[in-house]
Structures are given as C-alpha cells and as structure tokens.
Amino acid sequence: MIKTVHVSHVGRVRSVNEDSAWIRHLEQGYILGIVADGMGGHLAGDTASRLAVETLAADLATLESGLSAHSLTAALSDAILHANEVIFQTAARDDKYHNMGTTVVAVLLNDASGIIGHIGDSRAYVISKGTVRQITEDHTLVNELFKNGQISKEERENHPRRNVLTRALGTDSEVKVDIDSIMLGKGDVLLLCSDGLSNLVTEEQISKVVGAADNPLEERADRLLHLALLAGGDDNITVALFELPDDTVLLNEKGCDA
C-alpha cells in the first residue's frame, strides 16, 4: 500500500495561500494526487488552483477499474484540459478573475506505476536510493533560456525572472499538457511540490530529508516545508509525498508476487 501525505503553508510573505493540494485513494484502486499553484492576484489565484483541483477530482473519481496505461493517460490529459476550459471560462465571465491561471502537476497511480500530467513550474521528483530525479520540465522563460544555451544552470536557479511562466492552466483557451510515466521501486518516494519549495530547497536537501525512511512520511513532509520557511518562505509552499514502502508486495502482470 502506497503511503501518502500533503502539507501546505502560506509562507512568511504572502497573505493568502493560492496553492491547492488534494490526494485520494479512489475506490477503483487508483491514487490521485494534485498540486496547483494559482496566480492572478487577490482571490483569482486561489480560485484558479481550487477549480483545477475540483475539476480533476470530479472527472477522475468515476474511472473504471483495471484501465490500461494508455487509457489512464487519456483520462488524466482530458481532465486537465477540462480544468483549463473551466478556469478560462470562469475568468471570461467575471472581471475580478481576469487572466487568472494556475500551474498543475497531477499523478494517477495504479499500484507502483503512474502517469503524471503537468503544466507550469510545479514539479514532480522521484527520490530513490539517495538520488533525486526531476520528472517534469518547467514551463518558464528562464528554462527556455537555459535550454537554448543563453544562461547557465547557476544563472537559471537565481534568475530574477525565474517565475515567469511560458505555459499555464486557464490563461488561454487551448493548452498543451505534458505527460510522463513513472514506475516506483520499493522504497521510492514521489514528490509533487509548488515552486515555493523547489525555489528554496536544494535537491541535496530533498534527498536527505525524504530519504530518511526511518522517519514517518508526515514528519518528512513537515521538514521539507520547514526548510523552505527557514530559507525565506517568500511564496506559498506545498508538498505532497507518495511512498512505496520497502515491505510492499507488488504483483506482476500475471498476478504473481514480483
């Protein structure tokens, strides 16, 4: 059984927490986890991230059991595109929500395998045996500059415009969803987070905290949040962890012990 936990904090500077997070073990056997980081000013960012979570949760709650990876990919992608439509239309109907949007990173787990859908700069990492691997790619101006060789990795991490998004959920009528597949091994942890964590806590710190398997998962999530606060906490901070314990019994495709 995969263990899960999520925590969120407004941070030390912001007055409103515009992040939203949601994790559920669905009746069909899947696990759905979502982190969204809203933007657009007072109320708008909070509304955008909430609408993203609510739409994905409602659309995916009625999935059939035993779906293939292809079907799960299509379902997650369709739900994110539906959320984009909901947010965009809500903003179009009310001036106070003008140009609101949100990032989203969502995982749909089926036992140890999973599908990740992603827009924006909220991230997914897998922590495995002391290593940290970033699964998602930031949809930011600074990351585009880095990929084009215009800035170094160090400049990317400290660039004054590192939070400028090139793609977000709800700001345009159409959007492209990035999809990645993952397979967790025993002892692995999947981390979903907003940039309030990833901008302030290093991968080395993430590895050390999350890899401390003797500590309860809740304690590790709280520790990550605390590290971001200690580093300044200049943004909302959200952490979601999904751990496949070492003693998990996995089933292969024939239904036998793996």
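Which residue in S11 is the bridge partner of Val-189? The bridge partner of Val-189 in S11 is Glu-243.

## Basis of the model

This is a predicted model: local features need pLDDT of at least 70, side-chain atom pairs count only at pLDDT 80 or more, and totals for chains, interfaces and linings use all residues. Residues are numbered from 1 along each chain as its sequence is written, and side-chain values use heavy atoms, with hydrogens and water left out.

## The open sheet

An open sheet is formed by 5 strands in the order S1-S11-S10-S7-S8. The pairing is antiparallel. Helices (H or I, at least four residues) and strands (E, at least two) are DSSP runs, numbered from the N terminus. Two strands pair if DSSP finds at least two bridges between them. Strand S1 (3–9) and strand S8 (131–134) stand at the edges. Each has a single partner strand, so one side of each is left without a neighbour in the sheet. On average, neighbouring strands of this sheet are turned by 20° against each other, direction ignored. The axes are lines fitted to C-alpha atoms, for helices over the stretch in contact, and angles run from 0 to 180 degrees between N-to-C directions.

Strand S10 (residues 189–193) pairs with strand S11 (residues 237–243) in the antiparallel sense, over 5 bridges. S10 also pairs with S7 over 5 bridges, again antiparallel. Val-189 is the bridge partner of Ile-127 in S10.

## Strand S7

Is S7 mostly covered or mostly open, and how many of its residues are buried? S7 is mostly covered, with 6 of its 6 residues buried. Buried means under 20% relative accessible area, exposed over 50%, and partly exposed in between (1.4 Å probe, protein chains only). In a regular strand the side chains alternate between the two faces of the sheet. Both faces of S7 are covered. Arg-123, Tyr-125 and Ile-127 lie on one side, and Ala-124, Val-126 and Ser-128 on the other.

S7 pairs with S8 over 4 antiparallel bridges. Val-126 has Arg-133 as its bridge partner in S8. The hairpin of S7 and S8 has 2 residues between the strands, and Lys-129 takes a positive phi near 50° there.

## The largest pocket

The largest pocket has a volume of about 590 Å³. Its lining holds 26 residues. Arg-123, Gln-134, Arg-156, Glu-157 and Ser-198 lie nearest the centre. Two or more lining residues each come from strand S7 (123–128), helix H3 (141–147), helix H4 (153–158), helix H5 (195–198) and helix H6 (203–210). H4 gives the largest share, 5 residues.

A pocket is an open set of points on a 1 Å grid over the protein atoms alone, where a 1.4 Å probe fits, with protein on both sides within 12 Å along at least five of seven lines; lining residues have an atom within 4 Å of a point. Grid points are joined across faces, edges and corners, and a volume is the space filled by probe spheres set on the points.

Ser-49 lies in helix H1 (residues 44–60). Ser-49 counts as buried because its relative accessibility is 0%. A polar atom of its side chain lies 3.2 Å from the backbone oxygen of Asp-46. Leaving aside neighbours within four places in sequence, Ser-49 is in contact (heavy atoms within 4.5 Å) with residues including Glu-18, Asp-37 and Thr-102.

Glu-64 sits in the loop between H1 and helix H2 (69–93). At 57% relative accessibility, Glu-64 counts as exposed. Beyond neighbours within four places in sequence, Glu-64 is in contact with Gln-28 and Tyr-30. Glu-64 and Val-35 are 29 residues apart in sequence and 23 Å apart in space, C-alpha to C-alpha.

Methods:
Polar contact = N/O pair within 3.5 Å; in protein donor to acceptor, adjacent residues only side chain to side chain.
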